[in-house]
Structure formats: structure tokens, C-alpha cells
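Biologist: Could we go through this assembly together, going from the strands to the whole chain and then to the contacts between chains?

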Amino acid sequence: MIILASIIHVVLALSLSPLLIGVINRVKAKFAGRRGRPLLQLYYDLWKLLHKGAVYSTTTTWVFRTGPLVGISAVLVAISLVPLGRVPALAAFDGDIILLAYVLGLMRFMTVLAALDTGSAFEGMGAGREVQFSLLAEPALLLGVGALSISTGDWSLSGIYGSLFSDGLAAVAPTAVMVAASLLIILLAENSRIPVDDPNTHLELTMIHEVMVLDHGGVDLAFIQYAAALKLWVFCALFVGVALPLQMHWPLVDLAFGMAGVFIVAMVIGVIESTMARLRLLRVPQMLVVSAVLAMIAVLWALR
Amino acid sequence: MLLAVVLIPAVAGLAVMAPFVKRLRLAVLLLAAVGHASAVAWICSRPLADNNADAWIALDAPGRLFLAITSILFLAAATYAIGYLRNEENRTTKDAEEGFLFRNEPMNIFIGCLLLFLATMSLVCISQHLGLLWVAVEATTLVSAPLISFHRHHRSLEATWKYLLICSVGIALALLGIFFIAAAGQGVVHGMNIHALTKAAGKMDPVWLKAAFILLIVGYGTKMGLAPMHNWLPDAHSESPSLVSALLSGALLNCAFLGLLRGQMVMSAAGLGEFSGGLLVLLGLLSMIVAAVFMIRQSDYKRLLAYSSVEHMGILAIGAGLGGLAATGAMLHAVNHSFTKGMLFLVAGNLLAAHRTKNIHEVRGVLTTLPITGCLWVGGFLAITGAPPFGMFISELTILKGALQGGHIVVGVVYLAALAVIFISMARLMPPMAFGIPAAQIKTKEPLWAVAPPLALGLVVLTMGLYVPESLWNALRAAAGAIGAN
Amino acid sequence: MSILTDLLMMLLVLTNLRMLASSRVAVCIQNVAIQAVVLGAITFSLSAHAAIAAGVIVVAISTVAVKGLVLPWLLRRAMKGAGIGREIEPFVGYASSVLIGAVLLGLCFVIARPLRDTSHAGASMLIPVAMFTILTGLFIIISRRKALTQVLGYLTMENGVCVFGVSLAVEEPLLVEMGILLDVLVGVFVMGIVIHQINREFDHIDTDRLSVLKD
């Protein structure tokens with residue numbers, strides 16, 4: 001029964017994650033008073049890109065071509081590691097948070113290498129900024145999940161999320177709130193959303209993530225965009241697990257609530273993007289330090 | 001009746017703040033000072049009531065002593081103020097050191113705050129409840145801040161800000177100490193009356209009491225001017241008008257000391273007198289050493305007097321920490337120091353008015369231009385450094401005797417060494433001001449109001465050096481006994 | 001009521017962090033107001049199981065009124081009078097301040113461990129949080145330049161001392177509590193006046209440039 005729920009989760013993640021991007025864009029459009037793109041726009045884009053060829057610059061090497069491939073494989077591993085709410089992941093074992101963090105890190109690493117491989121100034125600049133922000137976001141992520149694991153005593157993500165609210169809300173409320181806040185900031189940073197990065201900007205000097213994938217085209221670009229949508233799903237699932245304190249005892253009902261939660265988080269991201277302005281680049285490390293400190297406080301609280 | 005001691009100056013202070021005719025304000029000031037002094041004299045002439053464990057305000061031995069000191073000093077300062085303020089009416093003055101023009105604070109605020117200052121200090125002396133004591137000490141800080149910035153220029157504002165912030169932070173820490181004492185007494189004693197606390201002190205939790213005393217000594221020690229929390233003192237006491245400096249050094253520091261004494265009372269009743277006494281002696285010695293070091297190359301005579309206040313507060317802390325005979329010496333020292341420092345600051349005010357400079361090296365020949373002031377200055381130098389026949393000699397000797405008798409040889413040696421260094425520094429700086437050839441254009445007028453109060457205080461100090469009446473000794477012993485010898 | 005107390009404590013910690021992290025003076029003033037409200041709420045949530053005395057209600061409401069409404073109003077007036085909006089160059093940068101704050105919180109948890117047994121049942125976590133608030137206030141006083149921010153640090157310290165008092169179940173008589181509040185109110189009032197005078201005299205309120213008096 002539980003295995004079935006996990007498999008359904010992976011299938012739904014693979015098929016519905018581009019819809020998340022569509023939801024975010026639709027919310028932003030509604031705030032701006034526009035009709036906005038169709039909800040399924042990313043599917044159409046992926047379809048179009050898969051039928052296109054690619055042009056490779058002569059300065060690039062095999063690194064440039066393998067970047068997107070490694071990226072999408074890494075995030076597929078991540079999808080199978082991450083639980084959704086109380087539904088455990090497909091592959092769960094002790095210490096899988098480390099694998100998750102490093103798999104996401106591998107994806108980022110290959111993207112950065114591919115960007116540097118082009119030899120262009122814009123990509124290098126974007127790569128530098130991206131790495132600086134992940135330098136601060138990764139410890140925050142590990143600390144946050146560490147706080148949760150200290151308070152539940154479990155060492156695998158599925159175990160942690162499964163038993164987080166089993167003792168009732170009161171015991172873990174402060175820790176959960178802190179970790180949720182920290183995870184939200186990390187989510188915005190890792191997925192290149194406002195206030196960290198504007199996905200709609202067309203000025204290369206202001207881009208962080210967009211500029212790293214500027215030279216990819218065709219199938220490569222399709223892989224990159226799909227991988228970005230899957231990465232958003234991974235972080236949303238992590239956030240929903242902490243923020244949604246519902247514990248039903250039927251896996252499929254938990255799954256349904258989790259899915260609803262993920263889409264609500266996408267709408268929340270849309271609202272945040274519409275109501276906030278992008279931060280100056282100096283301030284983003286400060287924000288990430290605050291997120292790390294929130295996670296640290298959650299650890300201290302769990303240790304008391 | 002006891003509350004009259006607080007109400008008379010408080011009501012007068014508030015009344016003065018209203019827009020009144022100028023002459024009436026000074027008359028109200030003098031009347032309130034005289035009224036307060038007579039009330040205190042009447043109260044002190046009656047025997048002390050038994051220690052009441054429920055009263056909020058009452059007069060016990062240490063409180064009575066400090067209240068009397070405060071009252072007499074304020075009377076002297078108020079007399080001095082009459083003439084001083086008549087000269088300093090709302091006009092633009094040229095600053096002596098830097099030559100810019102500045103205005104003074106409105107007179108009604110100054111006089112009103114002076115009277116409120118007396119009221120809050122009296123409240124500190126008579127309060128028996130530690131919480132009320134705290135409220136009164138914080139109130140003295142707030143009410144004396146406008147007094148320091150009487151001359152509205154950048155130096156006095158800087159001094160006022162330092163004073164206000166550092167003392168407020170210190171006193172907030174003292175509040176935490178008081179909460180710790182309450183926590184220590186949970187279940188054992190109800191309320192924070194000092195006598196109830198001392199009776200139940202043996203049953204209180206020692207860990208909380210020790211933590212409480214550390215916070216109290218940091219908090220009230222900041223207000224008292226103990227090193228290393230003394231940084232605000234030289235600035236505040238040198239930039240304020242002289243009569244305010246006299247009151248701050250002579251009365252306010254004593255009130256902060258009283259707060260510390262209350263803490264020491266609880267600690268020695270709880271059997272932790274060694275711990276608290278040790279801390280007091282340590283900070284006292286540190287204050288003396290710091291004062292000695294900073295006095296060596298001093299070039300501003302009011303700052304010199306301010307550092308001397310730091311030194312004498314250190315001596316008071318040493319005496320209170322050692323207990324027994326030294327504690328009695330500390331009480332006598334409090335009396336002597338207040339009057340001597342008050343006299344010196346008032347004399348310094350005369351010097352400043354005549355010579356228009358605070359620089360020691362630019363003031364010469366005071367004995368020729370202002371004879372009485374010069375005599376008082378030289379006499380004051382002898383008095384403040386502890387030379388006979390003045391009163392400080394007796395009190396400092398008593399503290400030394402107490403230290404050596406109690407076996408604290410190291411304390412005695414450091415104490416003597418610091419006193420020696422201070423004597424040498426002051427001897428290099430203060431007497432040369434009285435001798436020598438004066439600069440030209442010095443005003444040689446010595447109006448009565450400017451000379452009579454310091455002269456009176458000086459005579460008292462001289463008398464105390466030659467003969468201490470038995471009743472005073474009894475009062476001092478009673479005050480020291482309340483602290484408890486450890 | 002312990003979940004409410006826990007969340008209030010968390011809120012207190014967050015306001016301290018916000019104080020350390022923000023350069024805007026208006027945000028810091030808002031923080032002090034929020035802390036006052038949290039202080040009042042903690043007073044209620046701790047004594048929820050016992051009957052709430054009338055004195056406690058009066059103290060809590062007057063704390064919220066004075067520290068949450070009157071003082072921020074005074075401080076905002078002082079802020080407009082001095083014409084400052086931000087603390088531009090503190091001695092310790094904002095990201096470092098926040099990190100130091102987290103380290104201080106850890107320190108407080110460690111130090112408060114032996115003190116925790118002697119307090120209220122539901123309030124054992126309040127002691128490290130109160131200590132953290134006091135340390136935050138002290139840190140702000142020493143690491144910021146503007147006089148107004150130093151006053152805010154002093155108020156944070158005062159809030160921390162009061163939270164400590166509440167967590168130790170110290171029952172001061174009504175008169176003393178009112179006296180403490182009155183002192184804080186008059187204190188901030190006097191500090192505001194002095195800041196106004198400093199601004200008029202110097203044209204700035206950077207306390208590190210007030211350094212003429214020295215030996």
C-alpha cells in the first residue's frame with residue numbers, strides 16, 4: 001500500500017512538475033492583471049525543444065554536452081529520495097539527506113562547469129553568483145533537516161517526515177516553524193525565484209541561473225528546463241512535509257494532501273514573486289545567513 | 001513625616017518648573033533646601049525605630065547617615081547656587097576652552113531638576129524595599145542628566161549622553177540582580193524589604209545570591225564609579241557646573257554605594273560575606289589603581305577631582321568589603337569625602353569663574369588674587385589626600401587599621417601605595433596653582449555666596465579631623481554594624 | 001498553555017534576530033514594540049493555569065501600553081527629528097551580527113542549563129531566551145553607532161530583564177512594577193530629548209564621533 005503510494009508519487013512528480021511552473025506563472029499574471037500563459041505552457045515548450053536541433057560553439061567541449069544529461073539524472077535520483085509529507089520516498093535509507101544534498105550539488109556543479117566551459121563572461125559571472133549562494137544555502141538545508149532529525153531521532157528523510165507530527169503538534173511546533181521558514185528561503189534561493197533571481201529578466205548582467213544556461217539549445221535546453229521543474233518539486237515536497245502538520249493514516253490520503261500542498265506552495269511562490277522586489281545582490285548572502293541562523297536556532301531548540 | 005523629606009523638594013521642584021518670576025525660583029530653592037535640612041535634623045535627632053520588616057520607607061542607620069550627608073551638602077550647594085545662577089542668567093556665554101558661543105539651559109528646568117534630584121536621593125536613603133530603592137536610583141540618573149548639560153555645548157552633551165546610557169545600562173543589570181535575589185528568596189521570604197531579606201537570608205539559595213551580587217556590584221558599581229565601569233565619571237563631573245559636580249560626587253555616588261551596601265547586608269546575613277566582600281575589595285583596589293594612574297598626567301583640575309572621586313569610592317568599597325573596623329572607617333570616610341569633595345568642587349567653580357580656564361597649568365597665584373579661595377584650595381588638597389589634621393586622615397587610617405588587623409596585608413600595601421601615588425600626583429598639580437604669579441585680568445572679587453559654603457564645609461572637615469563627637473561615632477558604628485562584619 | 005509559551009519564546013528570539021539583522025531604525029522600533037506585546041502575552045500564558053490576579057492583568061496591560069505604544073511613538077518622533085532612517089555603518093556588519101547572535105543563543109542555552117531547575121514549570125526555556133535578549137541588547141549598544149539605536153538596545157535589554165523576572169515568577173508589588181515602567185518611560189523621554197539636543201548641536205547622532213573628552 002505504502003509502496004504503491006510512493007510509486008504514484010514519483011509518477012505524478014515526473015508528470016506534473018512542469019504544471020508547477022505553469023501555476024506560478026499564472027498566479028503572477030493574475031496579480032499583474034494579465035491573462036497569462038496557458039497552464040501547460042512548459043509542456044508545449046518541452047515538446048517544441050525536443051524536436052529541435054542544437055548548435056554547439058567550437059569553444060565548448062564534452063563538458064558542455066554532458067552538463068544537462070548529468071543534471072537530469074541527478075534530479076531523477078533526488079525525486080526518488082524525497083518523501084512527500086507522510087508518504088515515504090521510493091528509496092529510503094539512513095543518511096539519505098546527505099545523498100540528496102550532494103545529488104543536487106552534483107547537478108549544480110555540472111551546470112556551473114557547462115557554463116564555464118563556454119568561455120563567455122556572462123556565464124562565468126552567473127556561475128560565480130550561483131555558487132556563492134549555494135555555499136550559504138547548503139549548510140542551511142543540512143542544518144534544517146538535522147534539526148528535524150534530532151527532534152524525531154530518525155536518520156532517514158522518510159523516517160523523519162513520517163514521524164514528525166506523530167507526537168502531536170505541541171512538541172515540535174517551534175522547531176517545525178523555524179525549519180519551514182528556513183526551507184522557504186532556501187527554496188527561493190535554490191530555484192532562482194524572486195527575491196534571489198528574476199526568471200523573467202532579459203538583462204544578462206542581472207541573471208544568475210538563466211545566464212548559465214544561455215548557450216544551451218534544443219534537447220539540452222529541454223532537459224535543463226525539465227530538471228529545473230523537478231528540482232522545484234523536490235524542494236516543495238521538503239517544505240510541505242514540514243509545513244503541513246496533517247497525519248492521516250492512509251497513505252493515499254496523505255499523498256493527496258501532499259499533492260495539494262505542493263500546488264499551494266507553488267501558488268505561495270507566485271504570490272511572493274508578485275509582491276516582493278528582487279533583492280540587491282549584496283543582500284542575498286545576508287538573507288541566506290538569516291536562513292542558516294533560523295535553522296541553527298531550530299537545532300538548538302531541538303537539543304534543549 | 002519621613003515622607004516629607006521626599007515631598008518637600010519634590011513639590012518645590014515641580015512648582016519651580018512652572019513659569020514663575022525669576023527671583024521667586026531661587027528663593028524656593030533655598031527655602032526647600034533649608035526645609036529639607038531642618039526636617040532631616042529633626043528626624044535624626046530622634047532615636048531610630050526598630051527595624052520593621054514590612055515598611056516600604058523607614059530610616060535605618062546607614063540610610064540616616066547618608067540622608068544627613070545629602071541634606072547638608074545640598075544646603076551648601078543651594079547657597080552657592082543663589083549667586084552662581086544669578087550670574088548665569090539666560091545670556092550667551094563664550095566658552096573658556098574653545099571660544100565658541102553657547103547658551104544655557106532654561107533656568108526653571110535646572111532648578112526644578114536640582115530639587116527633584118534632592119527628592120530622589122532622599123528616597124534612595126529612606127527606602128527599605130529593594131524594588132523601590134532601584135526605582136529611586138534610576139530616577140536619580142534621569143533627573144540629574146539635564147543638570148549635567150546645563151551649558152549647552154558639545155562637550156557637555158557628549159558627557160550627558162555617556163552618563164545617561166552607561167548608568168542606565170548598569171542600573172538595568174542591577175534590576176536583574178534584584179530579580180535574582182527575589183528568585184533566591186522564593187518560598188522563603190515574601191516581599192523584598194531589606195530587613196525581611198536579612199532575617200531569611202540564611203535559607204536562601206546561595207547560587208542565585210552570588211549571581212545576584214555580581215550583577216548588583218556591576219550595576220550599582222557603574223553608578224558609583226567603581227573601575228572598570230567608571231568611564232562616564234570624569235566626563236560628567238568635569239563638564240557639569242561646579243555645584244552639580246559637588247552634588248554628584250558628594251551625594252549621588254553615596255546613594256549608589258547605599259544600594260551596594262543593601263546587597264552586602266543580604267550577603268553577609270546569608271553567610272556569603274567573604275565572597276561579596278572579596279569582590280568589593282577587588283573592585284575597590286582596582287578603582288584606586290586606575291585613579292592613581294590617570295591622575296599622574298592630568299591637566300584639567302575638574303577631571304583631577306573626578307578621578308579623586310573614583311579613588312575615594314574605591315576606598316569606600318574596600319572598607320565595606322573588609323567589614324568590622326574598616327566598615328566603620330568607611331562610613332566616616334563617606335562623611336569626610338562628601339564634605340571635602342563638595343568643598344573642592346565649589347572652590348573649583350570659583351577658580352573657573354575667575355580664571356576662565358580649566359587647565360591646571362594656566363592657573364597660577366590663586367592665593368594672591370583670591371585669598372580665601374586659595375586657602376581653601378590648598379586646605380582641600382591636604383584634606384583630600386588624607387593629610388592630618390583633616391578628617392580624611394582619621395577615616396583612611398581606620399580603614400588601614402581594619403585591613404591590617406584582619407590580616408589583609410596585601411590589601412593594605414596596595415592601598416597605601418595607591419594613596420602615595422595619588423598624593424604625589426596631586427601635590428605636583430594642586431598647590432602650584434595657589435602659588436606663583438597670576439596671569440593678568442583675573443577678577444579678584446570673592447562674593448560671599450561663593451565663599452561661605454565651601455568655607456563652612458571646610459571647617460566641618462577640619463573639625464572632624466580634630467574631634468569626632470561620640471554621637472557621630474555611635475551613628476557610624478550603627479551604620480557599619482547593619483552591614484554586618486564578616 | 002505550553003505550546004503558546006513555546007511559540008511566544010520563538011517569537012522573542014526572532015525579534016532579537018530581526019533587531020540584529022536590520023539596518024532600518026523604524027524596523028528596530030517596531031521590534032521593541034513587538035517584544036513588549038510578547039512580554040505581556042508571556043505574563044498571561046505562564047499564569048494561565050492559576051487564577052490570574054488583578055495586579056498581573058494591570059501590569060501586563062500597562063507594559064503593553066507603555067512599551068508597545070507610547071515608547072515607540074516617542075522613538076519615532078525622535079527618529080524623525082534626527083532625520084535618520086538607517087544605521088549605515090555599524091561596527092559589526094549585519095550578517096556577522098546575525099551569526100554572532102546565533103552563537104550567543106547557543107551560549108545562553110549552555111549557561112542556563114544549571115539554572116533551569118529553580119524556575120517555573122513551563123518557563124524553563126524562558127531563562128536562556130531572556131538571557132539572549134539581554135545579550136542582544138548589550139551587543140546592539142556596543143556595535144551600533146547611532147545614539148537612537150543604542151537607546152533601542154537599552155530597551156531590548158530592559159525587556160530581557162523583565163522576561164527574566166517573569167520566568168523566575170518574581171512577584172513584585174504593583175507599585176514597584178509601575179515604578180519600573182515609569183522609570184523606563186521617563187528614561188526614554190529624557191534620552192530622546194538629549195538626542196534632539198545632540199542632533200541640533202552636532203548635526204548627526206553618531207556616538208563614535210562624540211569623542212572630544214578623553215585623557
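**Strands, fold and contacts**

Modeller: E2(B) and strand E3 (residues 151–152) of chain B pair in the antiparallel sense over two bridges, where strands are DSSP runs of E with at least two residues, helices are runs of H or I with at least four, both are numbered from the N terminus, and two strands pair if DSSP finds at least two bridges between them. This is a predicted model, in which local features need pLDDT of at least 70, side-chain atom pairs count only at pLDDT 80 or more, and totals for chains, interfaces and linings use all residues. Residues are numbered from 1 along each chain as its sequence is written, while chains are lettered from A and ligands numbered from 1 in the order in which they are written.

Biologist: Which residue takes a positive phi in the hairpin of E1(B) and E2(B)?

Modeller: Strand E1 (residues 93–94) of chain B pairs with strand E2 (residues 101–104) of chain B in the antiparallel sense over two bridges, and Lys94(B) stands opposite Leu101(B) in E2(B). Six residues lie between the strands of this hairpin, and the one with a positive phi, near 80°, is Gly99(B).

Biologist: What radius of gyration does chain B have?

Modeller: The radius is taken over C-alpha atoms, and the globule rule is 2.2 Å times the number of residues to the power 0.38. For 486 residues a compact globule would have a radius of gyration near 23 Å, and the value for chain B agrees with this. The C-alpha atoms of chain B fill a box of roughly 70 × 50 × 40 Å along the principal axes, and the radius of gyration of chain B is 21 Å.

Biologist: Is Asp203(C) buried or exposed?

Modeller: Asp203(C) lies in the segment after helix H7 (174–202) of chain C. A residue is buried if 20 or more other C-beta atoms, placed from the backbone, lie within 10 Å of its own, exposed if 12 or fewer, and partly exposed in between. Because Asp203(C) has 9 other C-beta atoms within 10 Å, Asp203(C) is exposed.

Biologist: Which helix gives the most to the side of chain A that touches chain C?

Modeller: Two residues are in contact if their C-beta atoms, placed from the backbone, lie within 7 Å, and this contact takes 14 residues from chain A and 18 residues from chain C. Helix H7 (169–190) and helix H11 (283–303) of chain A each supply at least two residues of the chain A side. The helix that gives the most, with eight residues, is H11(A).
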